[in-house]
Amino acid sequence: MTRRYGLLLLSLFAAACGGEAIAPARPGTLTLQLTTPNANDGALVVVISGGTVSTVHPAGNLEVVRQADGSGTHLLLVGDVTAGIVATIDVPDIARASAYVAVVEQAADRTSFALLDPAAYRITIVPAP
């Protein structure tokens, strides 16, 4: 009887492995698009979750510092922060683009350095053109 169960398990395993083939990962680039209520932003702290970020490329004259931990990839973007594309990120699998989410955790005014309400900001992540 043990042999019969062994053959049954082997048959079930073989059937389970015969499903759809898994596509290989395709590295790609995603764009971070900022919506801001202010015209004088000077710094943002952004947290990206949902997957690994290989490289960060700040847009325009922005400078970036990056730190990754268990909660995601943390970016400090500094400079003349304006609405539109603030950075692009390289990811290991572009097919997982919809899993990535970015949240502005902190924002500061460029002139006074006053902290601004981060809830007023939105970052949309889309595949780069």
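1. Helices (H or I, at least four residues) and strands (E, at least two) are taken here as DSSP runs and numbered from the N terminus. In those terms Asp-93 belongs to the loop between β6 and β7. The model is a predicted one, and the points below should be read with that in mind.

2. Overall make-up. The chain has 129 residues, and 29% of them are buried. Its accessible surface is about 8,000 Å², with 60% of that area belonging to carbon and sulfur atoms. Among contacts between residues at least 6 apart in sequence, 78% join residues at least 24 apart.

3. The nonpolar core. The largest nonpolar core has 25 residues, and the members that touch the most others are Leu-30, Leu-32, Leu-34, Leu-44, Val-46, Ile-48 and Ile-89. Two or more core residues come from each of β1 (28-35), β2 (41-49), β5, β6 (84-91), β7 and β9 (122-127). Strand β6 supplies the largest share, four residues.

4. Ile-89. This residue is one of those touching the most other core members. Setting aside residues up to four places away in sequence, Ile-89 touches Gly-28, Thr-29, Leu-30, Leu-32, Ile-48, Val-53, Thr-55 and Val-56. Leu-30, Leu-32 and Ile-48 in that set are also named among the core residues that touch the most other members.

5. Leu-34. This leucine sits in strand β1. Leu-34 is classed as buried because its relative accessibility is 3%, and the cut-off for buried is under 20%. Beyond neighbours within four places in sequence, Leu-34 contacts Leu-44, Val-81, Thr-82, Ala-83, Gly-84, Val-86, Val-104, Tyr-121, Arg-122 and Ile-123. One of these partners, Ala-83, is 49 residues away in sequence, yet the two C-alpha atoms are 5.1 Å apart.

6. The salt bridge. How many salt bridges does the structure hold? There is one. It pairs the side chains of Arg-110 and Asp-80, with an N to O distance of 2.6 Å. The pair connects distant parts of the chain, 30 residues apart: Arg-110 is in the loop between β7 (101-109) and β8 (115-116), and Asp-80 is in strand β5. Arg-110 is partly exposed, at 32% relative accessibility. Asp-80 is also partly exposed, with a relative accessible area of 32%.

7. His-74. Strand β5 also contains His-74. The side chain of His-74 makes a polar contact of 3.1 Å with that of Asp-69. Not counting residues up to four places away in sequence, His-74 touches Val-46, Val-47, Val-65, Arg-66, Gln-67 and Asp-69. Of these, Val-46 is named in the core, while Val-65 is part of the surface patch described next.

8. The surface patch. Which residues form a nonpolar patch on the surface? They are Val-65, Leu-76 and Val-78, and their accessible area together is about 230 Å². Leu-76 is placed in strand β5 (residues 72-81). Is Leu-76 buried or partly exposed? Its relative accessibility is 35%, so Leu-76 counts as partly exposed; buried would need a value under 20% and exposed one over 50%.

9. Pro-27. The loop between α1 (2-17) and β1 holds Pro-27. This proline counts as exposed because its relative accessibility is 66%, and the cut-off for exposed is over 50%. Apart from neighbours within four places in sequence, Pro-27 is in contact with Val-91, Pro-92 and Asp-93. Ala-95 is 68 residues from Pro-27 along the chain, and their C-alpha atoms are separated by 8.6 Å.

10. Asp-93. Why is Asp-93 classed as buried? Its relative accessible area is 19%, and buried means under 20%. Between Asp-93 and Val-53 there are 40 residues of sequence separation and 9.9 Å in space, C-alpha to C-alpha. Val-53 is also one of the residues that Ile-89 touches.

Definitions and conventions: Residues are numbered from 1 along each chain as its sequence is written. This is a predicted model: local features need pLDDT of at least 70, side-chain atom pairs count only at pLDDT 80 or more; totals for chains, interfaces and linings use all residues. Side-chain values use heavy atoms; hydrogens and water are left out. Patches are made of residues with over 30% relative accessible area and no salt bridge: like charges are joined within 9 Å, nonpolar side chains (Val, Leu, Ile, Met, Phe, Trp, Tyr) within 5 Å. Accessible areas come from the Shrake-Rupley method with a 1.4 Å probe; for residues, only the protein chains shown count as cover. A salt bridge is a side-chain nitrogen of Lys or Arg within 4 Å of a carboxyl oxygen of Asp or Glu. Buried means under 20% relative accessible area, exposed over 50%, partly exposed in between (1.4 Å probe, protein chains only). A polar contact is a pair of N or O atoms within 3.5 Å; within protein, one must be able to donate a hydrogen and the other to accept it, and residues adjacent in sequence count only if both atoms are side-chain atoms. Contact means heavy atoms within 4.5 Å. A nonpolar core is a set of buried Ala, Val, Leu, Ile, Met, Phe, Trp, Tyr and Cys residues joined through side-chain atoms within 4.5 Å.
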